[in-house]
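Colleague: I am new to reading protein models. Could you take me through one, feature by feature?

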Amino acid sequence: MIALVDCNNFYASCERVFRPDLKEKPIVVLSNNDGCVIARSNEAKAIGIKMGEPAYKRREDFKKHKVNIFSTNFPLYGDMSNRVMSILRKNSKDIEIYSIDEAFLDCQDGNLKKYGIDIKKKVMQWTGIPVCVGIAETKVLAKLANHIAKKHTKSGTFILKEKQNILDVLKKTNVGEIWGIGSRSAKLLNSYGIYNAFELISLDESWIKRKLSIVGLRIVHELKGIKCFDLDNKKQIKKNICTSRSFGTPTSDYNRLSQAISTFAVRCSEKLRKQQSSASAIKIFIY
């Protein structure tokens with residue numbers, strides 16, 4: 001069985017750890033230069049603040065609803081992520097760190113409910129970061145289980161194991177919500193009258209491979225409980241490294257642009273050295 005542990009509203013939760021007075025109050029985290037919204041607490045989501053929105057467009061709403069605004073603090077988020085992942089490593093014989101706030105764990109097929117709740121409690125107690133845990137036989141199903149744990153349970157843990165339960169979940173899952181199915185593929189499937197995951201797994205596999213490639217077929221196999229994506233505990237070397245940020249407002253100031261580009265170049269170089277790579281090309285783009 002595979003568990004997906006996902007931190008809830010990670011950047012906002014990190015800020016709240018050091019500001020417990022902001023519990024149950026709306027929080028947003030803005031990108032570098034305070035350009036766009038990149039993280040929201042549940043309270044901010046309830047107000048209607050969208051991910052990626054330019055901050056200047058919502059200033060009035062921020063004031064009206066007394067939204068607490070934070071600039072990004074990536075060193076803090078990286079440190080908190082390392083703390084969470086170190087706890088998860090101690091609770092699994094194998095782990096794949098999927099992103100700064102997500103990890104897949106290899107868990108024993110014992111008392112899975114207790115396993116998930118114990119991890120959730122331990123991470124919360126030791127770091128102050130709330131997490132949800134979804135457990136299933138494959139990565140794709142674990143993603144669905146985690147979504148249910150986050151949206152539809154009080155415990156924050158959900159096990160997707162029984163065949164009938166899996167089928168019921170697939171019937172309620174839009175194809176666009178399936179991990180690995182992008183918006184373009186979802187539109188393609190919709191054009192053929194395929195709207196949910198159950199309808200997708202009922203299709204002829206040769207048709208799926210022809211329309212969605214071999215990767216799409218593997219995703220369908222995973223939805224059927226056939227494991228195709230193993231845990232990958234090896235850190236991947238990136239072929240492209242991008243450091244890009246948004247300005248809070250349009251600018252034509254040469255010095256401001258020059259300083260920003262210099263800062264981003266330094267950060268990009270740090271990432272390059274960290275993975276012990278060399279650059280064959282450098283691109284600078286400004287919009």
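Colleague: Where is Ile69 found?

Modeller: Ile69 is found in strand S4, residues 68–71. Strands (E, at least two residues) and helices (H or I, at least four) are DSSP runs, numbered from the N terminus. This is a predicted model: local features need pLDDT of at least 70, side-chain atom pairs count only at pLDDT 80 or more, and totals for chains, interfaces and linings use all residues. Residues are numbered from 1 along each chain as its sequence is written, and side-chain values use heavy atoms, with hydrogens and water left out.

Colleague: Which residues does Ile69 touch?

Modeller: Contact means heavy atoms within 4.5 Å. Leave out residues up to four places away in sequence, and Ile69 touches Val28, Leu30, Arg59 and Phe62. For a distance, take Ser252, which is 183 residues from Ile69 along the chain. Their C-alpha atoms are separated by 26 Å.

Colleague: Phe62 is on that list. Is Phe62 buried or exposed?

Modeller: Phe62 counts as buried, because its relative accessibility is 4%. Phe62 lies in helix H3, residues 59–64. Setting aside neighbours within four places in sequence, Phe62 is in contact with Val28, Val37, Ile49, Ala55, Val67 and Ile69. Gly225 sits 163 residues from Phe62 along the chain, and their C-alpha atoms are separated by 45 Å.

Colleague: Now helix pairs. At what angle do H1 and H4 cross?

Modeller: First, the method. Axes are lines fitted to C-alpha atoms, for helices over the stretch in contact, and angles run from 0 to 180 degrees between N-to-C directions. Angles under 35 degrees count as roughly parallel, over 145 as roughly antiparallel, 65 to 115 as roughly perpendicular, and the rest as oblique. Here, the axes of H1 (residues 10–17) and H4 (residues 74–89) cross at roughly 90° and come within 10 Å. H1 and H4 are therefore roughly perpendicular to each other. On the H1 side, the contact is made by Phe10, Tyr11, Cys14, Glu15 and Val17. On the H4 side, Phe74, Leu76, Tyr77, Met80 and Ser81 take part.

Colleague: How many nonpolar residues does this contact of H1 with H4 have?

Modeller: Ala, Val, Leu, Ile, Met, Phe, Trp, Tyr, Cys and Pro count as nonpolar, Asp, Glu, Lys and Arg as charged, and the others, Gly among them, as polar. The contact of H1 with H4 has eight nonpolar, one polar and one charged residues.

Colleague: Which phi value does Asn9 have?

Modeller: Phi of Asn9 is near 45°, a positive value in a residue other than glycine. Asn9 lies in the loop between strand S1 (2–7) and H1. Gln276 is not a glycine, yet has a positive phi of about 55°. Gln276 is placed in the segment after helix H11 (254–274). With a relative accessible area of 76%, Gln276 is exposed.

Colleague: And where does Ile282 lie?

Modeller: Ile282 lies in the segment after H11. At 75% relative accessibility, Ile282 counts as exposed. Cys242 is found in the loop between helix H10 (205–223) and H11. Not counting residues up to four places away in sequence, Cys242 touches Cys268, Lys271 and Phe285.

Colleague: Last, the whole chain. How many helices and strands does the protein have?

Modeller: The secondary structure comes to 11 helices and eight strands. The radius of gyration is 21 Å, close to the 19 Å that the globule rule gives for 287 residues, so the protein is as compact as a globular protein of that length. That radius is taken over C-alpha atoms, and the rule is 2.2 Å times the number of residues to the power 0.38. Of the 287 residues, 39% count as buried.

Conventions
Buried means under 20% relative accessible area, exposed over 50%, partly exposed in between (1.4 Å probe, protein chains only).
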